[in-house]
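Dear colleague,

Please find the structure below, followed by a short account of what was found in it.

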Amino acid sequence: MPLRLIAGPQGRLAVDDAPGAGTDPPVVFLHCDAGSHGQWREALAHLRPARRAVAFDFRGSGRSAPAADGDYGHDGRAADIGAVLGALALDQCVLVGHSGGAITALHYAARHVDRVRALLLVDPAADGRQFPEAQRRQLQEQLAGPNYRAVLRDYYTSIAGPDAATRARILQDAEATPQATVLGSFRTLSEYDPRPALADYRGRRLSLVTDLGDNPAALHRLDPTLPVRRLHTMGHWPQLDDPAGFHRILDEFLA
């Protein structure tokens, strides 16, 4: 499916959209930091025979333009979601977000509860503020330096899991992501407090959490009312490691 370019708040956004059967709210997929819409390719193909499904590249990622104002935080990326929904004339949707994209999904949903019918968080990023400040500062300094691609590659390799094909796909996306995008999105994760958004969005929710994502700063630890389903023996990209298993969970959630 050829990508559609739409006008975003800070530049053109690349959108993968195709009509689907039925009248259920469309599903909009949001990729991780230093990722792209292509990480949802299998999920899009799975849903489209029966439902409209959309994925797009956030500002400064994939084939979307960089942010003219340099804003790669959740406010800016939530504005990207709003622009895509507006351009596609979608009054309501189900948001499915992965990792940092899951936090952007939560951030948007909390501010647009009337537009988000349900929220599926796929191994969402944790509350970065709870990690040691020295550790967060060191990562920011490394990502701001000349060796940031090697730093990012090593980090993503460490969380990619054992599947070589998955690792190759996510590293290709990561290495193609501009340094400004990486630095801005990672800085946001280290500073963002997700608790107000968890309190404000009370629509249907589910958090899929891998062993890597199940830590004291995870969203379901901050909000015990957040439904959680644990996934084992895979890396941080369950939709790529086990597409069939992910699709079963997705279908159950949408039903």
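In strand 4, V54 is the residue that D17 stands opposite. The pairing concerned is that of strand 2 (residues 12-18) with strand 4 (residues 53-56), antiparallel over 4 bridges; V15 likewise faces F56 of strand 4.

This is a predicted model, in which local features need pLDDT of at least 70 and side-chain atom pairs count only at pLDDT 80 or more, while totals for chains, interfaces and linings use all residues. Residues are numbered from 1 along each chain as its sequence is written, and side-chain values use heavy atoms, with hydrogens and water left out.

Helices (H or I, at least four residues) and strands (E, at least two) are DSSP runs, numbered from the N terminus; two strands pair if DSSP finds at least two bridges between them.

Strand 4 is also joined to strand 3 by 4 bridges, and these two run parallel; A53 is the bridge partner of V27. From strand 4, A53 and A55 point one way and V54 and F56 the other, and all are buried (under 20% relative accessible area, with exposed over 50% and partly exposed in between; 1.4 Å probe, protein chains only).

The open sheet has 8 strands in the order 1-2-4-3-5-6-7-8, with mixed pairing. Strand 1 (4-7) and strand 8 (228-231) each have a single partner strand and stand at the edges, so one side of each is left without a neighbour in the sheet.

Yours sincerely
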